[in-house]
Amino acid sequence: MADEQASRTEIGKLGEFGLIKRIGHGLQLKHPSSVLGIGDDAAAIDIGDRYQLICTDMLTESIHFDLSYTPLQHLGYKAVAVNISDIAAMNGVPKQVTVSLGLSNRFSVEAVDVLYQGIQFACESFGVDLVGGDTTASRAGLILSVTAIGEVNKDRMSRRNGAKENDIVCVSGDIGAAYMGLQVLEREKVTYQENPEMQPQLDKYDYIVKRLLRPEARMDIVHELRDLDIIPTSMIDISDGLASEVFHLCEQSKVGMNIYEENLPIDEATYSAAAEFRIDPNTCALNGGEDYELLFTISQQDFEKVKNHRDIHFVGYVHEQSKGVNLITRGQQAVPMQAQGWGHFNSENDSSAPGKS
Ligand code: ADP
Ligand code: MG
């Protein structure tokens, strides 16, 4: 690293998204089959009558998960699910996964077996085949990297860049729950460290804790949209928090949006945990990540088909870029939306609990 000395920029200064932009800057796709490169939820390759979708997500110990409260079986499931979620975000269907592991000598063969029970379970539930991977030693705890491969009909792919003025902004399921699950688990961890006799009381937090530890990818929504003959004009999965993903869609689609605070879908369990922790539930929904729901836009003409859907919520509208990205508060005030991003490259996050993305 000697040649770094002359000028050194901390990665935290660019942040994750800035760094990815820098990596992608000036890259040219040479093969006509490389339809979509860096910048969406998955890459797209032309394989003839369809596009093949490819995405990778890595989970690292102490950054994305804390093994003191993360069951290995759930972790295996989650590592697959978060990748399937990126295939779903392209409106695609997953087919295969590969799994790469970095293992420190803290892990036994039996522990790896349990991790793979979760991986296998996810593969079965999402109908994908585990077709390969890599295994290596690690001095930095457990590292899990999954690559998912999927497919989408060429005329059905949803990218981040297709949102149009007057489109309706939709969110599946509910958001903010995983963030509150993390708060509960972190609190119980501290309590346990201070007094190991105390057994964690997690029953009443079942839902939010499960949202963090074992999220689902919303393939059900992808299938239902297909059955309703709806192609989202743009789509992304919510891994870093709604606000951050709204900015991704707006930036790539060159549009603005109004998001209505009163329409944010927040579960009762999230409300009550947020009240207990004195956290604004809207902040959880906007800036808490890891819910792996889908954020998408549909054209006005498709609204009738989904307006009564139990699990699709209408959170806002698309307008021209110059009108900006705004949160409309319950008091009907428009405030420019802030995307906090998680930036686990920041020094203050170095030793933090599980981070995002
Ligand atoms: P997501 O949250 O949907 O997984 P990311 O923010 O991780 O998306 O990545 C955004 C885009 O940047 C994706 O297209 C991904 O393939 C690409 N990307 C991320 N990290 C790298 C990297 N180190 N090198 C090349 N491309 C990357
Ligand atoms: Mg994504």
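Lys204 is exposed, at 64% relative accessibility (exposed means over 50% relative accessible area, buried under 20%, partly exposed in between, with a 1.4 Å probe and protein chains only). Lys204 lies in the loop between H4 and H5. Helices (H or I, at least four residues) and strands (E, at least two) are DSSP runs, numbered from the N terminus. This is a predicted model, in which local features need pLDDT of at least 70, side-chain atom pairs count only at pLDDT 80 or more, and totals for chains, interfaces and linings use all residues. Residues are numbered from 1 along each chain as its sequence is written, chains are lettered from A and ligands numbered from 1 in the order in which they are written, and side-chain values use heavy atoms, with hydrogens and water left out.

**From Lys204 to Ala42**

- The C-alpha atoms of Lys204 and Ala42 are separated by 36 Å, and the two residues are 162 residues apart along the chain.
- Ala42 is in the loop between strand S1 (34-36) and strand S2 (43-46).
- Ala42 counts as buried, at 3% relative accessibility.
- Leaving aside neighbours within four places in sequence, Ala42 is in contact (heavy atoms within 4.5 Å) with Leu36, Leu53, Ile54, Cys55, Asp86 and Met90.
- Arg159 is 117 residues from Ala42 in sequence, yet the C-alpha atoms of this pair are 9.1 Å apart in space.

**The nonpolar cores**

- A nonpolar core is a set of buried Ala, Val, Leu, Ile, Met, Phe, Trp, Tyr and Cys residues joined through side-chain atoms within 4.5 Å.
- The largest nonpolar core has 52 residues, and Phe126, Leu144 and Phe296 have the most contacts inside it.
- Helix H2 (residues 72-88) gives the most to this core, with nine residues.
- A second, separate core has 24 residues, including Ile175, Ile259, Ala285 and Leu286.
- Phe126 touches Tyr77, Ala81, Ile84, Pro94, Glu216, Ala217 and Met219, if residues up to four places away in sequence are not counted.

**Helix H4 against helix H8**

- The axes of H4 (residues 177-194) and H8 (residues 268-277) come within 9 Å and cross at roughly 45°.
- That angle makes H4 oblique to H8.
- Axes are lines fitted to C-alpha atoms, for helices over the stretch in contact, and angles run from 0 to 180 degrees between N-to-C directions.
- Angles under 35 degrees count as roughly parallel, over 145 as roughly antiparallel, 65 to 115 as roughly perpendicular and the rest as oblique.
- On the H4 side, Ala177, Met180, Gln183, Val184 and Arg187 meet Thr270, Ala273, Ala274, Glu276 and Phe277 of H8.
- Sorted by class, the contact of H4 with H8 has six nonpolar, two polar and two charged residues.
- Ala, Val, Leu, Ile, Met, Phe, Trp, Tyr, Cys and Pro count as nonpolar, Asp, Glu, Lys and Arg as charged, and the others, Gly among them, as polar.

**Helix H4 against helix H5**

- The axes of H4 and H5 come within 7 Å and cross at roughly 100°.
- H4 is therefore roughly perpendicular to H5.
- H4 brings Ala177, Ala178, Met180, Gly181, Leu182, Val184 and Leu185 to the contact, and H5 brings Tyr207, Ile208, Val209, Arg211, Leu212 and Leu213.
- By class, the contact of H4 with H5 has eleven nonpolar, one polar and one charged residues.
- In H5 (residues 206-213), Ile208, Val209, Arg211, Leu212 and Leu213 are buried.
- The buried residues of H5 pack against H2, H4, H8 and strand S10 (293-298).

**Positive phi in one loop**

- Most residues other than glycine have a negative phi.
- Glu290 has a positive phi, near 70°, and is in the loop between helix H9 (281-287) and S10.
- Glu290 counts as buried, at 3% relative accessibility.
- Tyr292 has a positive phi, near 55°, and is found in the loop between H9 and S10.
- Tyr292 is buried, with a relative accessible area of 5%.

**Two further residues**

- Val190 sits in helix H4 and is partly exposed, with a relative accessible area of 38%.
- Val190 and Gln252 are 62 residues apart in sequence and 41 Å apart in space, C-alpha to C-alpha.
- Thr60 is in strand S3 (residues 50-60) and counts as buried, at 19% relative accessibility.
- Thr60 touches Phe65, Leu142 and Ile143, not counting residues up to four places away in sequence.
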